[in-house]
Amino acid sequence: QGRLKIAGAAMAARCRLAARFHHIHGANIRLDASRTRATRVESFAHGLCFSQEPLAPGQIFLVEIEEKERGWCGHLRVGLTALDPQRLQPVPEYSLPDLVSMGDTWVFAITRSHNRAAAAGEARGAPRDPFLLVQRARIPRDTLVGRSRPGRYSHLLDELFRTNVLPATARRSRIGVLYAPQPDGTADMHIIINGEDMGASARRLPAARPLYAVVDVFASTKSVRVIPVEDGFPSLQTLCRVVIQKHIVHRVAIDGLDLPALLKSFCTHE
């Protein structure tokens, strides 16, 4: 356990800054200690969040919807902005229209109909490439698709994810945003929902400028968590998670381990 703690501390320290929220956020947002979970504690607005760092070309900023709140109309909003969050004082109440009206910002509301419909003759749940290709970006699909937590009926939820019929706005849905550079020096913005590319949502973004992810925890969306996504070979952090999960009977027991909070969060929320 001592070796796990030392290795865990080293890996937690190396966790990519972009895979957590910026310390600048909306007035009603509360972040956890790792800045990977954002919860709107009041009202339905003032829920704006940003990535800690600008995204690299083809790098996805992925969040999972953790909690919903009944009684409000509207859902999560995601996008990109070339505005530096540090300069947003105060942070606007809404992403749409407030932040967008400030310019250099592209945000879209996620709706239940966003999931891609199967084409004629295409069987849902058919074997697919393990990687999602968005122009030159190559992203592991397994990370892009959520998993149910241990409990009653969890197998039913896993089946909904596997066949991509879970509504985009449901709990455990995973939504990401990235930009793909173009030959003319601009970029296209893509929104990814449960492992499916929704296509270019906006074009001609200024690829030469820093672009931050925007997540608006709006209305019926109560809480979201950042999901780290790796490209290429698995990191030491990921390999450590595999070993920990292999020797833990129930994922809930991870909370009781003497490990850094960031690593425990990473092991619990794959």
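Where is Asp-184 found? Asp-184 is in the loop between strand S9 (174-181) and strand S10 (186-193); helices (H or I, at least four residues) and strands (E, at least two) are DSSP runs, numbered from the N terminus.

Before we go on, please keep in mind that this is a predicted model, where local features need pLDDT of at least 70, side-chain atom pairs count only at pLDDT 80 or more, and totals for chains, interfaces and linings use all residues. Residues are numbered from 1 along each chain as its sequence is written, and side-chain values use heavy atoms, with hydrogens and water left out.

Let us stay with Asp-184 for a moment. Asp-184 counts as partly exposed because its relative accessibility is 48% (buried means under 20% relative accessible area, exposed over 50%, partly exposed in between, with a 1.4 Å probe and protein chains only). Its side chain has a polar contact of 2.6 Å with that of Thr-186, and another of 3.0 Å with the side chain of Arg-204. A polar contact here is a pair of N or O atoms within 3.5 Å; within protein, one must be able to donate a hydrogen and the other to accept it, and residues adjacent in sequence count only if both atoms are side-chain atoms. Asp-184 and Ala-207 are 23 residues apart in sequence, while their C-alpha atoms are 9.8 Å apart in space.

Next come the aromatic rings. The structure holds five aromatic pairs. Rings of Phe, Tyr and Trp (its six-membered ring) pair if their centres lie within 6.5 Å; planes under 30 degrees apart count as stacked, over 60 as edge-to-face and the rest as tilted. Phe-21 and Phe-61 have ring centres 5.9 Å apart and planes at 70 degrees, so this pair is edge-to-face. The pair links distant parts of the chain, 40 residues apart: Phe-21 is in the loop between helix H1 (2-13) and strand S1 (29-31), and Phe-61 is in strand S4 (residues 61-68). Both Phe-21 and Phe-61 are buried.

Phe-44 and Phe-218 are also edge-to-face, because their ring centres are 6.2 Å apart and their planes stand at 75 degrees. Here 174 residues separate the partners: Phe-44 is in the loop between strand S2 (37-40) and strand S3 (48-50), and Phe-218 in the loop between strand S12 (212-216) and strand S13 (221-227). Phe-44 is partly exposed at 28% relative accessible area, whereas Phe-218 is buried at 8% relative accessibility. Ring pairs join Phe-44 and Phe-218 with Trp-72 and Tyr-94 in a cluster. The charged end of Arg-77 sits over the ring of Phe-218, 3.8 Å from its centre; for this, NZ of Lys or CZ of Arg must be within 6 Å of the ring centre and within 35 degrees of the ring normal.

Now for the strands. S3, S12, S5 and S6 form an open sheet in the order S3-S12-S5-S6, with antiparallel pairing (two strands pair if DSSP finds at least two bridges between them). S3 and strand S6 (105-109) stand at the edges with a single partner strand each, so one side of each has no neighbour in the sheet. Strand S5 (residues 77-81) and S6 are joined by five bridges, and Thr-81 has Thr-105 as its bridge partner in S6.

Finally, look at the hairpin of S7 and S8, which has two residues between the strands. Strand S7 (residues 131-134) and strand S8 (residues 137-140) are antiparallel, with four bridges. Leu-133 has Arg-138 as its bridge partner in S8, and Arg-138 also lies over the face of Phe-131, 3.6 Å from the ring centre. In the turn, Gln-135 has a positive phi of about 55 degrees.
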